[in-house]
Amino acid sequence: MSKIALVTGATAGFGKAIAERLVRDGYRVIATGRRQERLDALAGQLGSALLPFRLDMMDKAAIASLPDALPAQWRAIDVLVNNAGLALGIAKAQDSDISDWERMIATNVTGMAELTRVLLPGMIARDRGHIVALGSTAGIYPYVGGNVYGATKAFVEQFMRNLRCDLLGKNVRVTNIAPGLCGGSEFSNVRLRDDAKAAAVYEGTHPLQPDDIAETVSWVVNLPAHVNINQIEMMPTCQAAGGLAVVKG
Ligand code: NDP
Ligand code: 8X3
């Protein structure tokens, strides 16, 4: 029987590319997100290897009941890809909208951690599993306007590192993938709420693409079971860290 992967945020960007790639790799994939029509379109494209399952990462009750809500033949999840997430706004902290902060924390931190918690006992009982998360270079390198978004991704990184400690001896692998600038997704459209400004972010650059992320996920999950990749930090060649800032005068 083929392995089962659950990919959150599979309606766009990285998640869609990861779902497509894992189906090509021979997995059966549970694709989640809020936009049902996109999940249905993906199922139409990928056939019976893909199960569309609507899940809002801010809906605690839906997350808690997820294992029982899945069809019986889809419950033995081998790989969880914690991909769903978002940035909202680029304002400095003092000018930010608190409701944007709440949505980022509810989705990127609370929902991600709760879904992981709900699926871990099954993986431990079956003595196999892999939790993969999409962190970000924003969780490693600070930048102006990154405030709560970057902090949610720092949470993702440290949560994954701590899970490695808790799961030692349980044959459940844990990997954080932290990409930098990546185009070809809706990330900046969602963040900036302006398609022209979103397009301008990538003008004159050659950013990472969702298929680069999918390739990386495919590599880490298909390694032999005794190999655990703890963390991958990846950037496009056109990007590097910018150094520290100093105010003079
Ligand atoms: P997209 O905006 O293209 O995709 C985000 C996905 O997350 C969508 O499928 C969306 O589905 C889902 N999502 C958002 N909120 C919720 C929610 N409340 N419940 C369920 N699903 C939700 O972004 P990317 O593909 O670029 O980003 C994917 C991940 O990678 C994110 O965690 C992001 O922070 C991270 N990342 C992105 C980088 C980039 O430069 N693009 C770089 C580093 C990390 P729907 O709206 O249908 O619910
Ligand atoms: C996305 C990368 O630098 O736009 O997580 O925050 S960045």
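The buried residues of helix 6 pack against helix 5 (98-126), strand 5 (129-134) and strand 6 (172-179). Helices (H or I, at least four residues) and strands (E, at least two) are DSSP runs, numbered from the N terminus. A residue is buried if 20 or more other C-beta atoms lie within 10 Å of its own, exposed if 12 or fewer, and partly exposed in between, with C-beta atoms placed from the backbone. The structure is a predicted model, in which local features need pLDDT of at least 70 and side-chain atom pairs count only at pLDDT 80 or more, while totals for chains, interfaces and linings use all residues. Residues are numbered from 1 along each chain as its sequence is written, and chains are lettered from A and ligands numbered from 1 in the order in which they are written.

Helix 6 covers residues 147-166, and its 20 residues reach 29 Å from the first C-alpha to the last. This span is close to the 28 Å expected at 1.5 Å a residue, where the expected value is 1.5 Å times one less than the number of residues in the helix. The buried residues of helix 6 are Asn 147, Val 148, Tyr 149, Thr 152, Lys 153, Val 156, Met 160 and Leu 163.

In the protein as a whole, the secondary structure comes to 9 helices and 7 strands. The radius of gyration is 18 Å, close to the 18 Å that the globule rule gives for 249 residues, so the protein is as compact as a globular protein of that length. This radius is taken over C-alpha atoms, and the globule rule is 2.2 Å times the number of residues to the power 0.38. Along the principal axes, the C-alpha atoms fill a box of roughly 65 × 40 × 35 Å. Of the 249 residues, 37% are buried. Among contacts between residues at least 6 apart in sequence, 69% join residues at least 24 apart; two residues are in contact if their C-beta atoms, placed from the backbone, lie within 7 Å.

In soluble globular proteins, nonpolar side chains tend to be buried together. A nonpolar core is a set of buried Ala, Val, Leu, Ile, Met, Phe, Trp, Tyr and Cys residues joined through C-beta atoms within 7 Å. The largest such core has 49 residues, of which Val 7, Ile 18, Ala 19, Val 29 and Ala 31 touch the most other members. Helix 1 (residues 13-24) gives the most to this core, with 6 residues. Leaving aside neighbours within four places in sequence, Val 29 is in contact with Ala 5, Val 7, Ala 19, Leu 22, Val 23, Ala 49 and Leu 50. A second, separate core of 7 residues includes Ala 87, Met 104, Val 148 and Phe 187.

Two ligands were examined. A residue is near a molecule if its C-beta atom, placed from the backbone, lies within 6 Å of it. Of the 28 residues around ligand 1, Gly 9, Gly 13, Arg 34, Gly 85 and Ser 185 come nearest. The elements that give two or more residues to this shell are helix 1 and helix 7 (187-192), and the largest share, 3 residues, comes from helix 1. By class, the shell around ligand 1 has 14 nonpolar, 10 polar and 4 charged residues. Here Ala, Val, Leu, Ile, Met, Phe, Trp, Tyr, Cys and Pro count as nonpolar, Asp, Glu, Lys and Arg as charged, and the others, Gly among them, as polar. Ligand 2 is surrounded by Ser 136, Thr 137, Ala 138 and Gly 180, a shell with 1 nonpolar, 3 polar and no charged residues.

Most residues other than glycine have a negative phi. Asn 171, in the loop between helix 6 and strand 6, has a positive phi of about 60° although it is not a glycine. Asn 171 counts as partly exposed, with 15 C-beta neighbours inside 10 Å. Arg 193 lies in the loop between helix 7 and helix 8 (195-202), and its phi is also positive, near 55°. Arg 193 is exposed, with 11 other C-beta atoms within 10 Å.

Asp 56 is placed in the loop between strand 3 (50-54) and helix 3 (60-64). With 15 other C-beta atoms within 10 Å, Asp 56 is partly exposed. Apart from neighbours within four places in sequence, Asp 56 is in contact with Arg 34 and Ala 62.
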